[in-house]
Amino acid sequence: MLEYTEKIREIAKRLLEENVVDAFIGYRKGSVPMMNQPVMVKNPDEVHLLHWDSHSGLNLCNYLTKRTERIGIVANGCNSRNIVTHIIEKQISRDQLHIVGIPCTGMINHRAVKRAVDYRGILKVQEDGDKFNVKCRDFEKTFEKKDFLQTNCAICTHRNPVEHDEMVAKPLQEQENIEAYNDVKKTEQMTSEKKWGFFTRMLTPCIRCYACRDACPLCYCPTCFVDESGPQWVGKSVDLIDTMTFHILRAYHCAGRCTDCGACERVCPVGIPVRQFTKKLNKDAQELFSWEAGLSLNERPPLDVYRPDDYNEFIR
Amino acid sequence: LKNLLEHIGIEPGRLHFSWVSSSEAAKFVEVALEVSQAVEKLGPANYLTKGKAQVA
């Protein structure tokens, strides 16, 4: 996907020079390997900062909330779905945006790469087509990208943007016959006791840094419920029950809105698979409401409309 | 919400939702009995509960 970089720079330069947009949001290379940073370019002379490769896993939609200027933004499948969700939820209007669509072949899981080189210090990661080369101080190895995809990218069925003004390349063939929810189904089979044990073990390392919340484009409340102090909805320590409450509620706030972009999981400093919560809700949204978030500008999400035939087996 | 809580290990039968109008006294009694019986059967809640604050 490296070849998109030049194209993105070209488009950004044109948009800024022709005054189509006031700012362009994209990624730049991070200060450490595999960590691209978001960047907002306002001057056509700065477009050389823009970059795209398989480490662009943060969700840029975060930077759109309540903006008033005209913005150009790069968007792959999941990011474009988040932009649609933002528009539906009236956080930004479609006319303000110039969406540069990117057919995405998935992001590389940086944790898997570190594991694969035995946690040596990585100096450089160079991508080349569907392979990538990892350089450490006295070690070098080339890997296949398909073996190192982020888990959400491996099961992705929306690699092409759903909404765009122009594309940097031809749309890709979507993946088919994907069993997306195998892990959730496995958990569903467990007894209550096993489930509780599973999630307890999963959340014990959580340090409540709220990085998952901050990375999530859906979490744009001015004050998050965990930061409220009057009333204080949830305890602030790393007490397991408080941590659990935070994670359950965070996930539930994303019900019917999550696009499984994987930003939450990517940013977790202790590597908790936080998508295990949102995925369950995505599965429910799909099974109970035949809904996948952010696919259309004209449809309201299931949790803000009432239909007489809505699922209501839980209520008596 | 019910699905998610049961997914993380809250026992089915611990959490109940119902809609009872102010004119439906009989239904209220029925629901209350049903809930209390279901919960009694499960015994005390052990998951997602907080004990007294423990001071080190």
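**Nonpolar cores**

I looked up the largest nonpolar core of this predicted model. A nonpolar core is a set of buried Ala, Val, Leu, Ile, Met, Phe, Trp, Tyr and Cys residues joined through side-chain atoms within 4.5 Å; buried means under 20% relative accessible area, exposed over 50%, and partly exposed in between, with a 1.4 Å probe and protein chains only. The core holds 35 residues, and the members that touch the most others are A:Ile8, A:Phe24, A:Trp52, A:Leu64, A:Val74 and A:Ile83. In chain A, two or more residues each come from helix H1 (4-17), strands E1 (23-28), E2 (37-41), E4 (71-75) and E5 (97-101), and helix H2 (77-88). Helices (H or I, at least four residues) and strands (E, at least two) are DSSP runs, numbered from the N terminus. H1(A) gives the most, 6 residues.

I noted a second, separate core of 28 residues, with A:Leu203, A:Cys206, A:Phe225 and A:Val274 among them.

**A:Trp52**

I then listed contacts of A:Trp52 (heavy atoms within 4.5 Å), leaving aside neighbours within four places in sequence. Among them are A:Met1, A:Ile8, A:Tyr27, A:Val74, A:Ile102 and A:Met107.

**Aromatic pairs**

I counted rings of Phe, Tyr and Trp (its six-membered ring) as paired if their centres lie within 6.5 Å; planes under 30 degrees apart are stacked, over 60 edge-to-face, and the rest tilted. The count is 7 aromatic pairs over all chains.

A:Phe132 and A:Phe148 are edge-to-face because their ring centres are 5.5 Å apart and their planes stand at 90°. A:Phe132 is in strand E7 (residues 131-136) of chain A, while A:Phe148 is in the loop between strand E8 (139-144) and helix H4 (151-154), 16 residues apart. Both A:Phe132 and A:Phe148 are buried. Ring pairs join A:Phe132, A:Phe143 and A:Phe148 into a cluster.

A:Tyr210 and A:Phe246 are also an edge-to-face pair, at 4.8 Å centre to centre and 70° between the planes. A:Tyr210 is buried at 12% relative accessible area, and A:Phe246 is buried at 1%.

**A charge over a ring**

I found the charged end of A:Arg120 over the ring of A:Phe139, 3.9 Å from its centre. The rule requires NZ of Lys or CZ of Arg within 6 Å of the ring centre and within 35 degrees of the ring normal.

**Confidence and conventions**

Chain B has a mean pLDDT (the predictor's confidence in each residue, from 0 to 100) of 79, and 84% of its residues reach 70 or more. The predictor gives the complex an ipTM of 0.75 and a pTM of 0.88.

Residues are numbered from 1 along each chain as its sequence is written, and chains are lettered from A and ligands numbered from 1 in the order written. Local features need pLDDT of at least 70, side-chain atom pairs count only at pLDDT 80 or more, and totals for chains, interfaces and linings use all residues, while side-chain values use heavy atoms, with hydrogens and water left out.
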